[in-house]
Amino acid sequence: MCVFLIVDKVIFCDRIEKNQNISKMKKTFRISVMLLMLALNSLQANAGQDSTTVSNKYTDISLFENYRLSGYKNPLLWYVREEEKYYFEVRMNFDWSNTASIVIGKTFSRSSKFWITPKAGVLFSCDDKSGYNGLTIEPNIGGKIGKFKYFSMIQYAIGIDSQKDFAYSYIETSVQVAKNIRFNVSGQVFQSMSQNEDVWVDIGPQLLISFGNFYFKPWYTFDPNHINEKVIIGIGYTY
């Protein structure tokens, strides 16, 4: 159960500028690794606590690559830890190009059929030219009914430094088709609060293939408003 819920919190959006050069990509990767190490160190104190297994106690580390069929690509790094319903998340390049985020929250649930995780956090630019600084509010909602699962994230970001707010939503439904394979249908919408901005939409099929604690997740998406196709490839480890 943990693998699916965390994997399906890995959500992509085409909010990046097309003209990043190689040096910026290397800088972004180095900052991502530093953020990941900080997150791991901040949670190291939990190692000496009671190790009783509960359904909402897990860690997930994942790396995704976003390929446009036109040739552009962009990496995304994700780290999530949930401990006794307290939620902690660090991510890079999800909210905006060259932007890191730190998010905290708490999960509420009475059964596996429905849970909700209200979250809030900060977004900060790793590049003065193309990054984003602001605050984010973003509840996650999900559940499992038999072989079917659903997940949704609704985000509203409040920009500072004269940057515009933006809204984002992701919805996914899935069904178990084999022991280690789930088939998903997912869609996402991004809208800048600037005047006369287009609405960006992505929709398409996904596969989630698990190998023990490791997983592989390819996703094909299509934007009918902009005739934009992408293939997103992800790998990760959950424990």
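Here are some notes on the charged pairs, the nonpolar core and the aromatic contacts of this predicted model.

1. **Salt bridges overall.** Side chains of opposite charge can pair when their charged atoms come close. Searching the whole structure turns up eight salt bridges. Several of them deserve a look in your viewer, and the next points go through them.

2. **E83 and R81.** These two side chains form a salt bridge, with N and O 2.3 Å apart.

3. E89 pairs with R91 in a salt bridge whose closest N and O atoms are 2.8 Å apart. E89 is buried, at 1% relative accessible area, and R91 is buried too, with 1% relative accessibility.

4. **D202 and K230.** Which parts of the chain does this pair tie together? The side chains meet in a salt bridge at 3.0 Å, N to O. D202 sits in strand 13 (residues 199–211) and K230 in strand 15 (residues 228–238), so the contact ties together parts 28 residues apart in sequence. D202 is buried at 5% relative accessibility, and K230 is buried at 0%.

5. **The nonpolar core.** The largest nonpolar core has 21 residues, and within that set F94 and F166 touch the most other members. At least two residues of this core come from each of strand 1 (58–68), strand 2 (73–83), strand 10 (148–159), strand 11 (166–178) and strand 14 (214–223). F166 turns up again among the aromatic residues, where W96, Y132, F166 and F190 form one cluster.

6. **Aromatic pairs.** The whole structure holds twelve aromatic pairs. One of them is Y170 with W219, an edge-to-face pair with 5.9 Å between centres and 90 degrees between the planes. Y170 lies in strand 11 and W219 in strand 14, so this pair links distant parts of the chain, 49 residues apart. Both Y170 and W219 are buried.

7. **A lysine over two rings.** Which rings does K106 lie over? K106 lies over the face of Y86, 4.2 Å from the ring centre. K106 also lies over the face of F108, at 5.7 Å from that ring's centre.

Technical notes:
Residues are numbered from 1 along each chain as its sequence is written. This is a predicted model: local features need pLDDT of at least 70, side-chain atom pairs count only at pLDDT 80 or more; totals for chains, interfaces and linings use all residues. Side-chain values use heavy atoms; hydrogens and water are left out. A salt bridge is a side-chain nitrogen of Lys or Arg within 4 Å of a carboxyl oxygen of Asp or Glu. Buried means under 20% relative accessible area, exposed over 50%, partly exposed in between (1.4 Å probe, protein chains only). Helices (H or I, at least four residues) and strands (E, at least two) are DSSP runs, numbered from the N terminus. A nonpolar core is a set of buried Ala, Val, Leu, Ile, Met, Phe, Trp, Tyr and Cys residues joined through side-chain atoms within 4.5 Å. Rings of Phe, Tyr and Trp (its six-membered ring) pair if their centres lie within 6.5 Å; planes under 30 degrees apart count as stacked, over 60 as edge-to-face and the rest as tilted. A charge sits over a ring if NZ of Lys or CZ of Arg is within 6 Å of the ring centre and within 35 degrees of the ring normal.
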